[in-house]
Amino acid sequence: MRTHSCGELRATDAGSEVTLCGWVARDRDHGGVIFIDLRDREGFVQVVFNPEEQPDAHATATQLKTESVVRIAGRVRPRPAGTVNPNLPTGEIEVAAQSVEVLTAADTTPFPIEDRIEVGEDIRLKYRYLDLRRPEMTRVLRLRHNINKIIRDYMDATGFLEVETPVLTRSTPEGARDFLVPARQWPGEFYALPQSPQQLKQLLMIAGQDRYYQIVRCFRDEASRADRSVEFTQLDVEMSFVTEEDVMSIFEPLMVAIVRETQGVEVQTPFPRMTYDQMMSRYGSDKPDLRYAMELADLGAAFAGTGFRAFAGAVEGGGIIKAMAVPGGGQLSRKELDELVTQVKGTGAAGLVWLVVEEAGAVRSPVEKHLSAEEIAAMIDATGADAGDLILVVADKPVRTNVALDFLRRQMAVRMNLIPNGVWSFCWMVEPPLFEWSEEDERWSSVHHPFTSPASEDMSPENAKARAYDLVLNGFELGGGSIRIHRPDVQRKVFAALGLSDEQAEEQFGHLLTAFRYGAPPHGGCAFGLDRIVMLMAGKEAIRDVTAFPKAQSGQDPLTGAPAAVSADQLKELGLRLAHPPKKQT
Ligand code: ASP
């Protein structure tokens, strides 16, 4: 139907007869001569209809509605001097139309198909096919395609086999709620959608497949956030006969290639490695943004025996005192500082103490009179604050203190403009705890998942460390993995620590425990959130922005209306009865 795409024509094509198909993006009637921007996936081209030269084509063009699909035949010619558009790849030429055929006429679209137009997300998602016509969305889809290709080429070159695993499967515990699918043929029984292919990839190692990968959809029934969705895509990997270093060093060149090819930036390897404990102490987070400093300082020693009740009380209650210096933060207004205090309380911490450092080590602060000169000096020394800086101090239980200071670090970096452009700061977090106490369930649970190998003989839940690692980029966790348990006796011990009896372990994971008995190689692996990688490379704020057909934050799909009620017959066939009528979909 066409000889060229709209976006590919250049000055060297001048003189050629072309036939183009595309969407009418914009039309302008310049005193008889009509100009149309014709759009396809490859870009735009200007088409000119002259009433004198081609009266029939011109007559049709006067009737064209935006977003109609047309087929145009014409001749490429250089644009007249002074009308060249240097911002458009096709800006040096135009197509003089000889004929035009309307393939389908379009109704007025709910919003104009233009990058600069601001439209509510619900409307964009409801008409996603229109939204995806925008050049910016095409750029994102292409970027995602390119990243997938870089991954596939790299995995192939390094000896990984792409193996598909089922979507209808049995629950794998990754710590989230499962999506269940009723099994019609087995009334009362359910498949689970995979939270990850964790057990299957381990079984592939026992199957002797050595190096597995898959770009795979995973499902976790949890609240959506900007960087998390109920349905997401992982680059999932498993390798035999490896240590932590082997796994980490395989993925560094891949990340370097992705950044090089999508950003034109060369990242240095090896990426820094930091233990979980170091990260928590220095940044209050296991996914710190290392593009800026603002390290946290422990003020426990500086305030031992302090007379300041807020600090002394926190320490007596098992808390800690930590602080950071915000370069130039002294310029924040009193109102802004008061707002900051409110925000910090919102993170769950008891409060925030702030001090502005003035010349010669003097400070300005609402609590100044409660602090001794030595305490102030020690605080300035520990945080490395200079005149004009702002010191932020939190004293509370360790977790709350770290959460608050992590929040403040991120927030201040943005506010004070401390984040350099074009910097890709990767880092590995290693040696996290094996278990964490779950307040909700009142029991120990796995920090990673129960198949993660302990790092030491000490398996007491409070102390045990895991042979696990996370890859962090610019303050986001890109993914993580671990060296796995490959001995049934160790696996049983971990299940026991998680409160699973031998019978329960057998019932839920018997297939894996049995497989371990037939020759399991030492193995390990990891999984990376592909949506998150693309989001960061595309410079977007939400993974919805880099997914062709995403769910809204509510978990609903405004395009298809999913989830939706089903008919009484379908329920009957499945042997299900609803305890509550479905809530009306909004
Ligand atoms: N299955 C893990 C996850 O989805 C990754 C891994 O341990 O390989 O986070």
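Visitor: What percentage of the 586 residues in the protein chain is buried?

Guide: A residue is called buried when its relative accessible area is under 20%. In this predicted model, buried residues account for 47% of the 586 residues in the protein chain.

Visitor: How many helices and strands does the protein chain have?

Guide: The protein chain contains 15 helices and 22 strands. Its C-alpha atoms fill a box of roughly 95 × 75 × 55 Å along the principal axes.

Visitor: Which residues of helix α7 are buried?

Guide: Helix α7 covers residues 276-283, and Met279, Met280 and Tyr283 are buried there. Viewed down the axis of α7, the buried residues fall within an arc of 105 degrees, and therefore they line one face of the helix.

Visitor: Against which elements do the buried residues of α7 pack?

Guide: They pack against the strands β11 (273-275), β13 (320-326) and β17 (426-430), and against the helix α11 (398-415).

Visitor: What follows α7?

Guide: Gly284 follows α7, and its phi is positive, near 70 degrees.

Visitor: How many positive and negative side chains does the protein chain have?

Guide: Lys and Arg count as positive, Asp and Glu as negative. The protein chain has 64 positive and 84 negative side chains, and the centres of these two sets lie 3 Å apart.

Visitor: What part of the accessible surface belongs to carbon and sulfur atoms?

Guide: The accessible surface of the protein chain is about 28,800 Å², and carbon and sulfur atoms hold 51% of this surface.

Notes:
Residues numbered from 1 in each chain as written. Predicted model: local features only at pLDDT ≥ 70, side-chain atom pairs only at ≥ 80, totals over all residues. Heavy atoms only, no water. Helix = DSSP H or I, 4+ residues; strand = E, 2+ residues; numbered from the N terminus. Buried < 20%, exposed > 50% of the residue type's maximum accessible area, 1.4 Å probe, protein only. Areas by Shrake-Rupley, 256 points an atom, 1.4 Å probe, with all protein chains shown as cover. Charge placed at Lys NZ, Arg CZ, Asp CG, Glu CD. Arc of directions from axis to C-beta. Contact = heavy atoms within 4.5 Å.
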